[in-house]
Amino acid sequence: MNKRFLLLLALAASSAWAQRNVDITAEQFNSGGADGTLVALGRDAAASGKRLVVTAPQHWHAKIAARIRAGGSADVVLKDGFYETLLVRVEDKVEEPVKPEPKPESRPEPARLPAPAEKARPVEKATELPAPPPAPIAIETPAPPPVVEQAPPPAPVVEEPPQPAPTAEVAPTPDVAAASASTPAAVDPKAPVMLTVAEPSDVDPARASLEKLYNDGKRIAQRIEVPALKRADLIYTGKGAAVVVRREGGRLLRMWLVGSLNVNQIAIGTGGANKYEVLNSKIE
């Protein structure tokens, strides 16, 4: 009875280790508080033959790999993350079965046919060639008289009509020149730049693209309006749609932004071609 109980405990522990996920914040990683956790993960993965899938910013990859390899020679897969956090997922290795090499097919050799016997060639009779015709007699013809070239007649003289005298161009007066010049319109740098977005439909390609980029291909079901935005929210835009990424504790929330937002204001900062950050909650 005790042996069976201990076996069930071992199986439950191995299952929990295979599904283990570890979330490490940027503060823990930069301060060195997560070094022991990464070393322990590398040691356990090397001993159990598991694979560690790490999602973190690209400039952290070298330091993360060094900490994990300090615990053991574990199989590590590094993925680029767009948020400054570190997520470690433990997976089982899937070994592909060895395919047997195909054996060459043995084909029977074709039967050789006997060579056909050569037929006797008929004896060719010598044929008499006819005598060649007599050579033609060359008859000399008298040379033609020389051709005398005649000079062409002179070309007729064509009188050109007199050209009119050039007229002097009158320069425009300063008043006319000033009136014809165009004045460019002034551009106001504080003019609002409106971003109007809504939740895309299920068949909209923009939905599938944004969910693949910012939610690992999973469906985003929540929505948020512009007045409910908070400080440190990140906004990623697409074609007529935008995804809001918000950190609450150790979780990352993804929501569809609904409404119109002026991105040319002090409360909104830009982080790239399609990335905005909420700097404070006082949104105009």
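Okay, so let's start with the hairpin: strand 10 and strand 11 form one, with 4 residues between them. Before I go on, this is a predicted model, where local features need pLDDT of at least 70, side-chain atom pairs count only at pLDDT 80 or more, and totals for chains, interfaces and linings use all residues. Residues are numbered from 1 along each chain as its sequence is written, and side-chain values use heavy atoms, leaving out hydrogens and water.

Two strands pair if DSSP finds at least two bridges between them.

Strand 10 (residues 268-270) and strand 11 run antiparallel, joined by 3 bridges, and Ile-268 has Val-278 as its bridge partner. Strand 7 (residues 234-237) also runs antiparallel to strand 11, again with 3 bridges; there, Ile-235 partners Tyr-276.

So what sits on the covered face of strand 11? That's Tyr-276 and Val-278, while Lys-275 and Glu-277 are on the uncovered one. In a regular strand, side chains alternate between the two faces of the sheet.

Now the other sheet I wanted to show: 4 strands, open, in the order 1-4-2-3, with mixed pairing. Strand 1 (21-25) and strand 3 (75-80) are the edges, each pairing on one side only. Inside, 5 bridges join strand 2 (residues 51-56) to strand 4 (residues 85-91), antiparallel, and Arg-51 has Glu-91 as its bridge partner.

Technical notes
Buried < 20%, exposed > 50% of the residue type's maximum accessible area, 1.4 Å probe, protein only. Helix = DSSP H or I, 4+ residues; strand = E, 2+ residues; numbered from the N terminus.
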